[in-house]
Amino acid sequence: MAVEIFYDDDADLSIIQGRKVAVIGYGSQGHAHSLSLRDSGVDVRIGLPEGSKSRAKAEEQGLRVLTPAEASAEADLIMILAPDTKQRFIYEQDIAPNLKDGDAIFFGHGFNIRYDLIKPPANVDVAMVAPKGPGHLVRRQFVDGKGVPALIAVEQDATGNAQALALSYAAAIGGARAGVIKTTFTEETETDLFGEQAVLCGGASALVQTGFEVLTEAGYAPEIAYFEVLHELKLIVDLMYEGGIARQRYSISDTAEYGDLTRGPRVISPAVKEEMKKILGEIQDGTFAREWVAEDEAGRPNFTKLEEQGNQHPIEATGKKLRDLMSWVDRPITETA
Ligand SMILES: NC(=O)C1=CN([C@@H]2O[C@H](COP(=O)(O)OP(=O)(O)OC[C@H]3O[C@@H](n4cnc5c(N)ncnc54)[C@H](OP(=O)(O)O)[C@@H]3O)[C@@H](O)[C@H]2O)C=CC1
Ligand SMILES: CC[C@](O)(C(C)=O)C(=O)O
Ligand SMILES: [Mg+2]
Ligand SMILES: [Mg+2]
C-alpha cells in the first residue's frame with residue numbers, strides 16, 4: 001500500500017498555534033520540540049519534576065517550567081517526551097487526573113501505547129509525532145532551515161481533528177519540510193525498535209567495534225583503525241544519505257566496490273539476517289518490551305554494566321584523542337539544549 005507523505009503546504013500551522021501545549025521532559029526530543037514549537041509561534045510550557053536536572057536548562061532557554069501535573073492541567077495538548085520506561089507513572093500520577101474532554105495526548109514514540117502500558121480514556125485524542133532522527137539534530141536542522149522527516153499516527157480520534165493536529169505539530173518542529181508519513185503506533189514502534197537494535201545503533205556500533213578489534217588485534221595502529229572504521233563511516237553514509245547506495249558505489253574506487261559486492265554479504269551473512277528476524281520477532285511478540293521494563297524496574301543492572309563496558313572499549317580513548325585535534329568534528333550536542 002502506498003504511504004501518504006505530507007509537506008508544509010499540506011499542514012495548517014494555525015491549528016497548533018491555537019493550542020496550549022505541555023511538553024513533558026526536556027531531554028533530547030523534549031528540548032527540540034519545545035524550542036521549535038516556540039519559534040513557530042506556539043504557546044509552550046514544560047513539565048518537569050521539582051528536582052529535575054533539566055529544569056535549569058529549560059529556564060535558561062527562556063521557557064516556562066512547571067511540574068508535570070501543573071503543565072498538564074494548564075495545557076490542552078500534552079506531548080510526553082520523558083523516558084519510555086517512566087511514561088506510565090507520569091501518565092497515571094500527573095496527566096490522567098488533569099485530562100479534560102477534547103484534550104490531546106501526544107507521543108514521540110509508540111512504545112507505551114503499543115505495549116498497553118498507557119490506556120487513555122475515550123474522550124481525548126491520542127496521536128504521535130515521531131521524528132526519524134536524534135533530538136539534537138531535529139533542533140539543529142530546524143535552526144538551519146531544514147527538517148528531519150517525521151511519522152504521525154492517530155490511535156484515537158475523539159475530536160475528529162487528530163490527524164490535522166498531529167500534522168500541524170509535525171510542521172511546527174520542521175518535519176514537514178522533509179516529509180511527514182502517516183503510519184500507525186504499531187508500525188512506528190516495531191520498525192523504530194528494529195532499526196535502532198539491528199541497524200542504526202546495535203548493528204552499527206557492533207560493526208565498528210568489531211572492525212576496530214580485528215585491525216588492532218592484527219597489530220595495526222589504533223589511530224589508523226579508528227579513521228578507517230569509524231570516522232570514514234560517516235563520510236560513506238553521507239554519500240548514501242545524499243544519493244543512496246548507488247551514489248556511494250559511484251564515488252568509491254572500483255576496487256572498493258568489488259570488495260563491497262563480494263565481501264559485504266560474507267560479513268552480513270544469512271546467519272546475521274536470521275538473527276535480525278529473531279530480533280524483530282522479539283519486538284513483535286512483546287519479549288523485548290517485557291525485558292526492558294523489567295530491567296528498568298530492577299534498577300538497570302545489565303544496562304549499566306554494558307554501557308560501562310562500551311565506554312571502556314579502546315576505540316573510545318583513541319577517538320577522543322583524535323577528535324580533540326579536529327575542532328569541527330566534536331560539535332557539542334548541548335549547544336541547542
Ligand atoms: N532520543 C531521541 O532522539 C528520540 C527519542 N524518541 C522518544 O522520545 C521520548 C523521549 O526520549 P529522549 O528525548 O531520548 O529522552 P531523554 O532521556 O533525553 O530525556 C528525558 C527527559 O525527561 C525528563 N524526565 C525524567 N523523569 C521525568 C518525570 N517523572 N516527569 C517529567 N520529566 C521527566 C528528564 O529529566 P531529568 O533531566 O531530570 O532526567 C529529561 O528531561 C521517548 O519516548 C523516546 O523513545 C523518539 C525519537 C528519537
Ligand atoms: C535510532 C534511535 C532512536 O530511535 C532515534 C534517535 O530515532 C531513539 O530511540 O533514540
Ligand atoms: Mg528512532
Ligand atoms: Mg527509538
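The model is predicted, with local features needing pLDDT of at least 70 and side-chain atom pairs counting only at pLDDT 80 or more. Residues are numbered from 1 along each chain as its sequence is written.

**Exercise 1.** Describe the packing of H10 and H11.

Step 1. Helix H10 spans residues 185–200 and helix H11 residues 202–217; helices are DSSP runs of H or I, at least four residues.
Step 2. The angle is about 10° and the axes are 3 Å apart, the axes being lines fitted to C-alpha atoms over the stretch in contact.
Step 3. Glu-196, Gln-197, Ala-198, Val-199 and Leu-200 of H10 meet Gly-202, Gly-203 and Ala-204 of H11, where contact means heavy atoms within 4.5 Å.

**Exercise 2.** Find the protein donors of the magnesium ion (ligand 4).

Step 1. Donors are N, O and S atoms within 2.8 Å of the metal (3.2 Å for Na, K and Ca).
Step 2. Because Asp-192 and Glu-196 are four residues apart in helix H10, about one helical turn separates them.
Step 3. Asp-192 also bridges to the magnesium ion (ligand 3), 3.5 Å from ligand 4.

**Exercise 3.** Is His-109 buried or exposed?

Step 1. Buried means under 20% relative accessible area, exposed over 50%, partly exposed in between (1.4 Å probe, protein chains only).
Step 2. His-109 has 10% relative accessibility and is therefore buried.
Step 3. Among the residues that His-109 touches are Glu-188 and Asp-192.

Terms used: Chains are lettered from A and ligands numbered from 1 in the order in which they are written. Side-chain values use heavy atoms; hydrogens and water are left out. Axes are lines fitted to C-alpha atoms, for helices over the stretch in contact, and angles run from 0 to 180 degrees between N-to-C directions. Helices (H or I, at least four residues) and strands (E, at least two) are DSSP runs, numbered from the N terminus. Lists of a residue's contacts leave out its neighbours within four places in sequence.
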